[in-house]
Amino acid sequence: PDHTYVPLRMVFAVKHDGRRKARLVAGGHVTDPVNEEIYSSVVAPKGIRIVTFLADMNSLDLLTGDVGNAYLNAKTREKIWVKFGIKFGEKLAGKIGIMVKSLYGLKTSCARWSEHLADNLRDMGWVESKAENDVWMKDCDTHYEYLAVYSDDIIIASKNPQTIMDEIKSRYNMKGVG
């Protein structure tokens, strides 16, 4: 009784390079306003310029990547339920599910993903910059390494950025690394 029904939709897209993409999206527009933080910042353009400037000035290499299905890594606090249609297969058709993952479309999903990623970065030894939101730093004794986060995109500035990306890959499915 304390949960709200939310419709589910599959959204299909064709990327500019011809790849096909499908995403399960929750109809969060039908939920009442929540009494929790829904805001999630992203690195500002000046933050990216700062990271690339610091990389250039300190002979650091840059590496970027995109976290695949980022929101599904975080848990939602919204109390919602869904009813699965025939498009979800015969086993699920007509069944009711309680959503525990932050799906695209929910009001708080971006904030929950941002919190989840921040917790993991702290566990990996990164510290948030006090000067610029979503820029992270790590003291490596002889130099600092930097990381900038834009929603589910990550830019790493490091002497060996692949090592950092490999650690991130151990926690998340990374796409478009380069």
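Biologist: Along strand β5 (residues 75–83), which side chains point to one face and are buried, and which point to the other?

Modeller: First, a caution: this is a predicted model. As a general idea, side chains in a regular strand alternate between the two faces of the sheet. In β5, Thr76, Glu78, Ile80 and Val82 point to one face and are buried.

Biologist: Which strands are joined to β5, and in which direction do they run, parallel or antiparallel?

Modeller: Strands of a sheet pair through backbone hydrogen bonds, in either a parallel or an antiparallel way. Here strand β1 (residues 4–5) runs parallel to β5, joined by two bridges. Within that pair, Thr4 stands opposite Ile80. Strand β6 (residues 96–101) is antiparallel to β5, with five bridges between them. There, Trp81 has Ile98 as its bridge partner.

Biologist: In what order do the six strands of the open sheet stand?

Modeller: The order is β7-β8-β9-β10-β4-β11, and the pairing is antiparallel. The edge strands are β7 (127–128) and β11 (174–175); each has a single partner strand, so one side of each lacks a neighbour in the sheet. Inside that order, β4 (residues 61–67) and β10 (residues 153–158) are antiparallel and joined by six bridges. Thr64 of that pair stands opposite Ile155 in β10.

Biologist: Now a loop residue. Where is the place of Ser129, and why does Ser129 count as buried?

Modeller: Ser129 lies in the loop between β7 and β8 (135–139). Buried means under 20% relative accessible area, and Ser129 counts as buried because its relative accessibility is 16%. The side chain of Ser129 also reaches the backbone nitrogen of Glu132, at 3.2 Å. If neighbours within four places in sequence are left aside, Ser129 is in contact with Val135, Trp136 and Met137.

Biologist: And Tyr172: which residues is Tyr172 in contact with, leaving aside neighbours within four places in sequence?

Modeller: Tyr172 sits in the loop between α3 (161–169) and β11. With a relative accessible area of 5%, Tyr172 is buried. Its contacts, with those sequence neighbours left aside, are Val67, Asn73, Trp113, His116, Leu117 and Asn120.

Biologist: What separates the C-alpha atoms of Tyr172 and Val149?

Modeller: The two C-alpha atoms are separated by 14 Å, with Tyr172 and Val149 being 23 residues apart along the chain.

Conventions: Residues are numbered from 1 along each chain as its sequence is written. This is a predicted model: local features need pLDDT of at least 70, side-chain atom pairs count only at pLDDT 80 or more; totals for chains, interfaces and linings use all residues. Side-chain values use heavy atoms; hydrogens and water are left out. Two strands pair if DSSP finds at least two bridges between them. Helices (H or I, at least four residues) and strands (E, at least two) are DSSP runs, numbered from the N terminus. Buried means under 20% relative accessible area, exposed over 50%, partly exposed in between (1.4 Å probe, protein chains only). A polar contact is a pair of N or O atoms within 3.5 Å; within protein, one must be able to donate a hydrogen and the other to accept it, and residues adjacent in sequence count only if both atoms are side-chain atoms. Contact means heavy atoms within 4.5 Å.
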